[in-house]
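Please look over the sequence and the model first.

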Amino acid sequence: SWTLLLSPSVGLLNAVLKGFGHPLPIEIERKFLMMKRPDPDIFPVHTVPIEIRQAYLGDEHLTRIRSRAQAGQGALYYRTQKFPTDSAMAEIEREYRISAPEYFEAFFNLRHPDHEEIVKIRYNFIWKNQHFELDFFKSPWELKELTLLEAELLNENDPLEVPPWLGDFTEVTGDKKFKNLNLSRKRAAP
């Protein structure tokens, strides 16, 4: 079971599993906090806004359920579990497509009581052969000014150039307070 692999060496584990013919679903990304929200309408690259709604379940792994839709049409639903590795930028990710009834059953009956639903608009784009995801948060209300950029990598040592036209940023890779799980935690009312 992959759940036993909670803190593996990413390179070693990948090599061993590939040797046995089992690919490991590793997600490698760097994350950046944007100082100012950029305007996607003036980007020099094509972007597609996707609305993402996600919640966490009250199971032992805090499984994430997520819906993704473009312009409110054609939603796809996913169930995801993530497990840490020894790297700040890599996680083992097990993701499955689920049906709309499965998503809504989990959303209304199995949600963790200490976590709120996150709603964000994601702009995916490619720049200089690099894949980026720019997230504008809509809820919870405390996150409405938050803008995060993620760069998806194939290897941890891949060179990365953040597009200068996005503006100023601070790298927050490995900072747990910027993980979606922690962003979804309910806060005391002001």
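## Helix α2

The buried residues of α2 pack against β2 (48-56), β3 (64-70), β4 (73-84) and β5 (90-98). The structure described here is a predicted model.

Helix α2 spans residues 100-109, and its buried residues are Tyr103, Ala106 and Phe107. They lie on the same side of α2, because the arc they cover around the axis is only 100 degrees. An α-helix has 3.6 residues a turn, so residues three or four places apart point the same way. The face of α2 turned away from the buried side carries exposed residues, namely Pro101, Phe108 and Asn109.

## Lys31 in strand β1

Strand β1 covers residues 26-34 and includes Lys31. Is Lys31 buried or exposed? Its relative accessibility is 10%, and buried means under 20%, so Lys31 counts as buried.

Which side chain does the side chain of Lys31 meet in a polar contact? The partner is the side chain of Glu150, at 3.5 Å. With neighbours within four places in sequence left aside, Lys31 is in contact with Leu148, Leu149, Glu150, Thr170, Glu171, Val172, Thr173, Phe178 and Lys179.

## Phe125 in strand β6

Phe125 belongs to strand β6, which runs over residues 118-127. Phe125 counts as buried because its relative accessibility is 2%, and the cut-off for buried is under 20%.

## The largest pocket

The largest pocket holds about 1000 Å³ of space. Its lining consists of 39 residues, and those nearest its centre are Glu27, Arg64, Lys82, Glu91 and Lys179. Lys179 is also among the residues in contact with Lys31.

Which elements supply at least two residues each to the lining of the largest pocket? They are β1, β3, β4, β5, β8 (147-153) and α3 (180-183). The largest share comes from β4, with six residues. Strand β4 is also one of the strands against which the buried residues of α2 pack.

By residue type, the lining of the largest pocket is made up of 19 charged, 11 nonpolar and nine polar residues.

Conventions:
Residues numbered from 1 in each chain as written. Predicted model: local features only at pLDDT ≥ 70, side-chain atom pairs only at ≥ 80, totals over all residues. Heavy atoms only, no water. Helix = DSSP H or I, 4+ residues; strand = E, 2+ residues; numbered from the N terminus. Buried < 20%, exposed > 50% of the residue type's maximum accessible area, 1.4 Å probe, protein only. Polar contact = N/O pair within 3.5 Å; in protein donor to acceptor, adjacent residues only side chain to side chain. Contact = heavy atoms within 4.5 Å. Arc of directions from axis to C-beta. 1 Å grid on protein atoms, 1.4 Å probe; cavity = no way out; pocket = protein on both sides within 12 Å on 5 of 7 lines; lining within 4 Å. Points joined across faces, edges and corners; volume = space filled by probe spheres on them. Nonpolar A, V, L, I, M, F, W, Y, C, P; charged D, E, K, R; others polar.
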